[in-house]
Structure formats: structure tokens, C-alpha cells
Amino acid sequence: MDNAELVRVIEQNVAELLMAMGAAGGGRQRDDAGVRWTIGGSPIDYHNAVVAADLTARTADAIIAESLQKLKNHDVPGSWHVGPSMRPADLGERLLAAGFTHGGSEPGMAVDLAELADPARTTGLRVDRVRTEQDLGIWVDTLGRGFGEGVKEARWVGEVYRRLGLEDPWRHYLGRLDGEPVATTTIYLAAGVAGVYFVMTVPKARRRGIGATITRAALQDALEARDTGSTGVRYGVLGSSPAGRSVYAGLGFREYCTIDLYEWSPTRTG
């Protein structure tokens, strides 16, 4: 893929993930040539999301206002995920003027799976794919020990994944250190690539290379599935936190774009 195509699939993979999870959570969907969103299916702002917009200067403000009204109607926090394909070019300024706040930026990164670096592996760490309801429960409990909004977010994610099932395109992985669950990640196969999500190591086990190890193991599993004909993916993609950027760079990921998050919350605005 050339750089422009990699940017496209980075944006599309996360958009498909958010739309699928939002639908499974009971969110209301809009998906047309102008805008894509899923609103009302989650208590988490990241997942009540506008994921694509191809608007004009004339239509943008009205669509922003409509999305905001949907959030208010459902009494949930929400977000716009503004990537390089979204229009108009001043969309971020319009969102700020409408009452959203800038919630940070995610570097959009990608790697050719055949060129994954092999970092030093953590002694005593075993990575397994989640294949049963019992293992999913352990994955959820582990995620809740250190990711995002903690137990609240993990329980919602777990319920959504129970509805979506444990087979492709969803692949969840659990890392155990000397038998104790300490790390999670998810691979989502969409847009022809393997998207990496929910990479988390519990606080007491951090700074030991576990995040890099579990991410590489999950992507290596996707590559091996491709070699046996189970999947068609060649690239891994992700939106990194600032803290994770160096970890993913160490695996061979390169940055191709930036996705800006604009957030709104009923509690912040009153």
C-alpha cells in the first residue's frame, strides 16, 4: 500500500470498529454519504462517535448541531474522531465553537506484518487467544484493572464482545505472567488490515515490555492466519496514545496521520 492508502485504511478500520461496537451496544446509527455515526449505545464518550464526515461549509454546522442534540437526547457523552479525510478543513474549529473540547490526538500508525520487529520477550509471559466465555470474563476483569475508565468501560466492552462473538473479525488476547492475567489486546480485522485495540498492562507489571510482547504476538497470529488462508491481512494499524508511540515504533510501526478527538459531556457543560 502507498501512504495515501494506509491513511485510508487506518481511518476506516477504527470507523468500522466503532460502528460495529456501537450497534452491538444498541446505539442509533447514521451512515450516508455525508456522515457516519453511532450514538447512544455506550456510557463512554469514545464510543458514541462520529467517525466520518464529508460536509461543506454550508452543511457542517447543522450536522454538528444534530450530533450534539442526539447526545443530549440519549444523555451520553460523545466524540468526533476527526481524521485527514474529514471535511470541511475547519471542522475542528467548528466543533470547538459548538461546545466540544479537544480531547487530544492519536497518531495513526501502520506496519507491514512481514516486517514486525521482534523485541526482547518478557520471561514468564504467555499470550493466548480468548476462545471461551470464561476466558472473556478474565480478559474483562484484567482490562478493568488499568484501561480507560476502568471497570465501567471494561464491563461495557465485555458485554459488547459477548454479543459480537469470539470469532473473526474479532480476536482478543490475554497475557499471563507466571500464570497471573496481566495484559490484554484485541485485533479487529476490517478494511483489509488488522487493527490493534485495548492494549493494556496492569500497573504493577508495566515497564517490562509486556505491551510490546502481547501486541506482537497478536499481530504474528494474524500474519500466520494469513499464510494459512484464514485472513487476507498484510498490515497492522492502530491509533496510539502518546505514551505508547515509542512502544509501537519499536515494533516497526510508522506514523502516517493524526486523528483528533473532540469530546462533549453533559456533566462538563451542565
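Predicted model: local features only at pLDDT ≥ 70, side-chain atom pairs only at ≥ 80, totals over all residues.
Local features need pLDDT of at least 70 and side-chain atom pairs count only at pLDDT 80 or more, whereas totals for chains, interfaces and linings use all residues. Residues are numbered from 1 along each chain as its sequence is written, and side-chain values use heavy atoms, with hydrogens and water left out.

Me: How far apart are the end C-alpha atoms of helix H2 (residues 60–74)?
Reply: Helices here are DSSP runs of H or I with at least four residues, strands are runs of E with at least two, and both are numbered from the N terminus. The expected span of a helix is 1.5 Å times one less than its number of residues. For the 15 residues of H2 this should give 21 Å, which agrees with the distance between the end C-alpha atoms, 21 Å.

Me: Within what arc do the buried residues of H2 fall?
Reply: Buried means under 20% relative accessible area, exposed over 50%, and partly exposed in between, with a 1.4 Å probe and protein chains only. In H2, Ala60, Ile63, Ile64, Ser67, Leu68 and Leu71 are buried. The arc is taken from the directions from the helix axis to the C-beta atoms, and the buried residues of H2 line one face of the helix because, seen down its axis, they fall within an arc of 140 degrees.

Me: Which exposed residues does the face of H3 turned away from its buried side carry?
Reply: The buried residues of helix H3 (91–98) are Leu91, Gly92, Arg94 and Leu95. Seen down the axis of H3, these fall within an arc of 160 degrees, so they line one face of the helix. Their cover, made by contacts (heavy atoms within 4.5 Å), includes E3, H2, E4 and E11. The face turned away carries the exposed residues Glu93 and Ala97.

Me: Which side chain of opposite charge is nearest to Glu11?
Reply: Glu11 lies in helix H1 (residues 3–24), and, leaving aside neighbours within four places in sequence, Glu11 is in contact with Gly83, Pro84 and Ser85. Lys and Arg count as positive and Asp and Glu as negative, with His and the chain ends not counted, and a salt bridge is a side-chain nitrogen of Lys or Arg within 4 Å of a carboxyl oxygen of Asp or Glu. Glu11 is buried yet has no salt bridge, and the nearest side chain of opposite charge, 7.5 Å away, is that of Arg87.

Me: What is the bridge partner of Met109 in E11?
Reply: Two strands pair if DSSP finds at least two bridges between them. Strand E5 (residues 101–112) and E11 run antiparallel and are joined by 9 bridges. In E11, the partner of Met109 is Glu255.
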